[in-house]
Amino acid sequence: RAGRVQPGVCYRLFSKRTWNNMEENTLPEICRSALHSLVMDTKAIVGGDVFEVLDNMITPPPKEGLRRAVQSLELIGALETSTQALTPLGKHLTQMPCDPKLGKM
């Protein structure tokens, strides 16, 4: 917490050159990670259009990433192709603590 809430010493475990090459702010995790589980959880909890619901986030996930996640979930049978509603398999996969593609195995 040094420097954020009170004076103190900060130890960095990398070189000064590495520190200077780092970006000041990192991308939010939602922009860096797979969205399959997020889509499934959103469908299970909120329902409705995933694109509309997730567009209200402070930093919404990339639309292309959402499209790929929905297509992938349709391919494994977790979402209905026409309505994008959860299938019985999809409801089961939302209860599993793993990636939906892994849970399908």
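Ala 69 lies in helix α4. The model is predicted. Leave aside the neighbours within four places in sequence, and Ala 69 is in contact with Leu 35, His 36 and Val 39. Leu 93 stands 24 residues from Ala 69 in sequence. In space the two are 14 Å apart, C-alpha to C-alpha.

Helix α4 covers residues 63-75, and helix α2 covers residues 36-45. The two pack with their axes 9 Å apart. The angle is about 75°. That angle falls in the range 65 to 115 degrees, which means α2 is roughly perpendicular to α4.

Which residues in α2 meet α4? They are His 36, Val 39 and Met 40. On the α4 side, the partners are Leu 66, Ala 69, Val 70, Ser 72 and Leu 73. Six residues of this contact are nonpolar and two are polar. None is charged.

The next topic is aromatic rings. A pair of such rings is described by the distance of the centres and the angle of the planes. How many aromatic pairs does the structure hold? It holds one. Phe 14 and Trp 19 form that pair, and they are stacked. Their ring centres are 6.0 Å apart, with 10° between the planes. The cut-off for stacked is under 30 degrees.

Arg 12 lies over the face of Trp 19, at 3.8 Å from the ring centre.

**The loops around α5**

Helix α5 covers residues 88-94. The loop between α4 and α5 holds Gln 84 and also Glu 80. Gln 84 is not a glycine, yet its phi is positive, at about 60°.

Glu 80 is partly exposed, with a relative accessible area of 36%. Beyond its neighbours within four places in sequence, Glu 80 is in contact with Glu 74, Ala 85 and Thr 87. Val 70 is ten residues from Glu 80 in sequence. Their C-alpha atoms are 9.8 Å apart.

Past α5 comes another loop. Pro 97 lies there, between α5 and α6, and α6 covers residues 100-104. Is Pro 97 buried or exposed? Its relative accessible area is 87%, so Pro 97 is exposed; the cut-off for exposed is over 50%. Thr 87, a contact of Glu 80, is ten residues from Pro 97 in sequence.

The table sets out the C-alpha distances.

| Pair | Apart in sequence | Apart in space |
|---|---|---|
| Ala 69 and Leu 93 | 24 residues | 14 Å |
| Glu 80 and Val 70 | ten residues | 9.8 Å |
| Pro 97 and Thr 87 | ten residues | 18 Å |

Key:
Residues are numbered from 1 along each chain as its sequence is written. This is a predicted model: local features need pLDDT of at least 70, side-chain atom pairs count only at pLDDT 80 or more; totals for chains, interfaces and linings use all residues. Side-chain values use heavy atoms; hydrogens and water are left out. Axes are lines fitted to C-alpha atoms, for helices over the stretch in contact, and angles run from 0 to 180 degrees between N-to-C directions. Helices (H or I, at least four residues) and strands (E, at least two) are DSSP runs, numbered from the N terminus. Angles under 35 degrees count as roughly parallel, over 145 as roughly antiparallel, 65 to 115 as roughly perpendicular and the rest as oblique. Contact means heavy atoms within 4.5 Å. Ala, Val, Leu, Ile, Met, Phe, Trp, Tyr, Cys and Pro count as nonpolar, Asp, Glu, Lys and Arg as charged, and the others, Gly among them, as polar. Rings of Phe, Tyr and Trp (its six-membered ring) pair if their centres lie within 6.5 Å; planes under 30 degrees apart count as stacked, over 60 as edge-to-face and the rest as tilted. A charge sits over a ring if NZ of Lys or CZ of Arg is within 6 Å of the ring centre and within 35 degrees of the ring normal. Buried means under 20% relative accessible area, exposed over 50%, partly exposed in between (1.4 Å probe, protein chains only).
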